[in-house]
Amino acid sequence: QVQLVETGGGLVQPGGALALSCAATGYFHTISYMAWYRQAPGSAREMVARATHSAAGTQAQYSDSVKGRFTVTRDIFKSTLSLQMSNLKPEDTATYFCTGGFYYEQIGGKDRYVEVWGQGTLVTDVS
């Protein structure tokens, strides 16, 4: 089983900064992608930042609402994904979820793929 654990949420002033971290644990041999989503009260879950991994390296994608303010980084040795958030705005208040796609080997040698979500961590603007 693959598990994702998010840390780093909390209260933040407008214009402030906060860092989130997501750690992947369990049995897997390859990470296809890891991403951050968020869900504000009464709203649908939306993609914030995504790091896709290939032989060419890691490519980052951002939603227009956070581009230039948020930075996603992946530590390939620790299987972690971080989100550095700066110049935070009231509309950034949400529960932030980490997700990812993982390959693992079943008994018998066949590869399987699973997508996993973390429990979420709350980021709250205190304005």
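In this structure, a predicted model, aspartate 64 and lysine 67 form a salt bridge whose closest N and O atoms are 3.2 Å apart. A salt bridge here is a side-chain nitrogen of Lys or Arg within 4 Å of a carboxyl oxygen of Asp or Glu, and by that rule the count is four. The protein has zero helices and eleven strands, where helices (H or I, at least four residues) and strands (E, at least two) are DSSP runs numbered from the N terminus.

Some ground rules before the tour: local features need pLDDT of at least 70, side-chain atom pairs count only at pLDDT 80 or more, and totals for chains, interfaces and linings use all residues. Residues are numbered from 1 along each chain as its sequence is written, and side-chain values use heavy atoms, with hydrogens and water left out.

**Overall build**

- Along the sequence, the pattern reads β-β-β-β-β-β-β-β-β-β-β.
- The C-alpha trace spans about 55 × 30 × 25 Å along its principal axes.
- Buried residues make up 35% of the 127 residues; buried means under 20% relative accessible area, exposed over 50%, and partly exposed in between (1.4 Å probe, protein chains only).
- Of the contacts with a separation of 6 or more, 56% are between residues 24 or more positions apart, a contact being heavy atoms within 4.5 Å.

**Salt bridges and charges**

- Back to the opening pair: both aspartate 64 and lysine 67 are exposed.
- Aspartate 92 and arginine 38 meet through their side chains in a salt bridge of 2.9 Å, N to O.
- That pair links distant parts of the chain, 54 residues apart: aspartate 92 sits in the loop between β8 (80–85) and β9 (94–105), and arginine 38 in strand β4 (residues 30–39).
- Aspartate 92 counts as buried at 1% relative accessibility, and arginine 38 counts as buried at 4%.
- Arginine 69 also meets aspartate 92 in a salt bridge, at 2.8 Å, N to O.
- Here too distant parts are linked, 23 residues apart, with arginine 69 in the loop between β6 (57–62) and β7 (70–75) and aspartate 92 in the loop between β8 and β9.
- Arginine 69 and aspartate 92 are both buried.
- Through shared partners, salt bridges join Arg38, Glu46, Arg69 and Asp92 into one network.

**A buried aspartate without a salt bridge**

- Aspartate 125 is found in strand β11 (residues 121–125).
- Aspartate 125 is buried yet has no salt bridge, and its nearest side chain of opposite charge, arginine 69, is 9.0 Å away; Lys and Arg count as positive and Asp and Glu as negative, while His and the chain ends are not counted.
- Leaving out residues up to four places away in sequence, aspartate 125 touches Val12, Gln13, Pro14, Lys89, Pro90 and Thr93.

**Aromatic rings**

- The structure holds four aromatic pairs; rings of Phe, Tyr and Trp (its six-membered ring) pair if their centres lie within 6.5 Å, with planes under 30 degrees apart counted as stacked, over 60 as edge-to-face and the rest as tilted.
- Tyrosine 37 and tryptophan 117 are edge-to-face, because their planes are at 70°, with ring centres 5.1 Å apart.
- Tyrosine 37 lies in strand β4 and tryptophan 117 in strand β10 (residues 111–117), so this pair ties together parts 80 residues apart in sequence.
- Phenylalanine 97 and tryptophan 117 have ring centres 6.5 Å apart and planes at 75°, so they are edge-to-face.
- Tryptophan 117 is partly exposed at 38% relative accessible area, whereas phenylalanine 97 is buried at 10%.
- Tyr37, Phe97 and Trp117 form one aromatic cluster.

**Charges over rings**

- Arginine 45 lies over the face of tryptophan 117, 4.7 Å from the ring centre; a charge sits over a ring if NZ of Lys or CZ of Arg is within 6 Å of the ring centre and within 35 degrees of the ring normal.
- Arginine 50 lies over the face of tyrosine 33, 4.0 Å from the ring centre.

**Tyrosine 96**

- Tyrosine 96 lies in strand β9 and is buried, with a relative accessible area of 0%.
- Not counting residues up to four places away in sequence, tyrosine 96 touches residues including Trp36, Tyr37, Arg38 and Val123.
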